[in-house]
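Here is a short note to read alongside the model. Please keep the sequence and the 3D view open while going through the points.

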Amino acid sequence: MMTFLFIAGCANPFGGGSYNGPVQCAPYARQVSGINLRGAAASWWWQAKGRYRRSHQPVPGAVLVFRATRRVPDGHVSVVKRRVSERRILVDQANWVPGKIEHSVVVEDVSPTSDWTQVRVWWAPSDVLGRRIYATYGFILPNR
């Protein structure tokens, strides 16, 4: 069993700030992807500049970086497991549902230019694709 320590808060998409429990998105994404960045999830995009390639197209192993917003103050990161279609991917992630690690979660690109800068995320507690649109920076590609 893996243990993930608190580093920085991550998504709490139902509002009320970050969920700062023992399972966090950033340490989980770092361990699964091998992308060695730290701190708030939203900061990963800028930290990656010059260290990792960045893209607006998903590939397995890449990290999708969500922007910080009022609803998700520290941003969020998830790891691409597989591309399902032009506008759908499956991700593994921690703490989208507070305190949980989820596998093969549907993320759908709803951006006007198909560049993955706006997405909707499956919400397991309701068993539906979420109605809220979340802003993202794009994907950080692992060095392989």
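**Notes on the model**

1. Surface first. The protein exposes about 7,000 Å², and carbon and sulfur atoms supply 53% of that area. Accessible areas come from the Shrake-Rupley method with a 1.4 Å probe, and for residues only the protein chains shown count as cover.

2. A word on the source. This is a predicted model, in which local features need pLDDT of at least 70 and side-chain atom pairs count only at pLDDT 80 or more, while totals for chains, interfaces and linings use all residues. Residues are numbered from 1 along each chain as its sequence is written, and side-chain values use heavy atoms, with hydrogens and water left out.

3. Overall layout. The protein has two helices and eight strands. From the N terminus on, the order is α-α-β-β-β-β-β-β-β-β. Helices (H or I, at least four residues) and strands (E, at least two) are DSSP runs, numbered from the N terminus.

4. Of the 144 residues in the protein, 51% are buried. Buried means under 20% relative accessible area, exposed means over 50%, and partly exposed lies in between (1.4 Å probe, protein chains only). Among contacts with a separation of 6 or more, 47% come from residues 24 or more positions apart. A contact means heavy atoms within 4.5 Å.

5. Strand β8. How many of the seven residues of strand β8 are buried? Six are, so strand β8 (residues 134-140) is largely enclosed by the rest of the structure.

6. Partners of β8. Two strands pair if DSSP finds at least two bridges between them. Strand β1 (residues 54-55) runs antiparallel to β8, joined by two bridges. There, R54 stands opposite I140. Strand β2 (residues 63-66) also runs antiparallel to β8, with four bridges. L64 faces F139 in that pairing, standing opposite to it. Strand β6 pairs with β8 in the antiparallel sense over two bridges. Here Q118 has A135 as its bridge partner.

7. Aromatic pairs. The whole structure holds six aromatic pairs. Rings of Phe, Tyr and Trp (its six-membered ring) pair if their centres lie within 6.5 Å; planes under 30 degrees apart count as stacked, over 60 as edge-to-face and the rest as tilted. One of the pairs is W46 with Y137, which is edge-to-face at 5.6 Å centre to centre and 80° between the planes. W46 sits in helix α2 (residues 44-48) and Y137 in strand β8, 91 residues apart. W46 is exposed, at 53% relative accessible area. Y137 is buried, at 13%. W45, W46 and Y137 form one aromatic cluster.

8. A second ring pair on β8. The rings of W96 and Y134 have centres 4.9 Å apart and planes at 80°, so this pair is edge-to-face. W96 lies in the loop between β4 and β5, Y134 in strand β8, and 38 residues separate them. Both W96 and Y134 are buried.

9. Salt bridges. A search of the whole structure finds four of them. A salt bridge is a side-chain nitrogen of Lys or Arg within 4 Å of a carboxyl oxygen of Asp or Glu. One of them joins R87 and D109 (4.0 Å, N to O). R87 lies in the loop between β3 (76-85) and β4 (88-94) and D109 in strand β5 (residues 101-109), so the pair ties together parts 22 residues apart in sequence. R87 is partly exposed at 28% relative accessibility. D109 is buried, at 1% relative accessible area.

10. The network around E108. Which residues do salt bridges with shared partners join into one network? They are R88, E108 and R120. E108 meets R88 at 3.2 Å, N to O. R120 meets E108 at 2.9 Å, N to O. R120 lies in strand β6 (residues 118-123) and E108 in strand β5, so this pair ties together parts 12 residues apart in sequence. E108 is buried, with a relative accessible area of 16%. R88 is partly exposed at 32%, and R120 is partly exposed at 22%.
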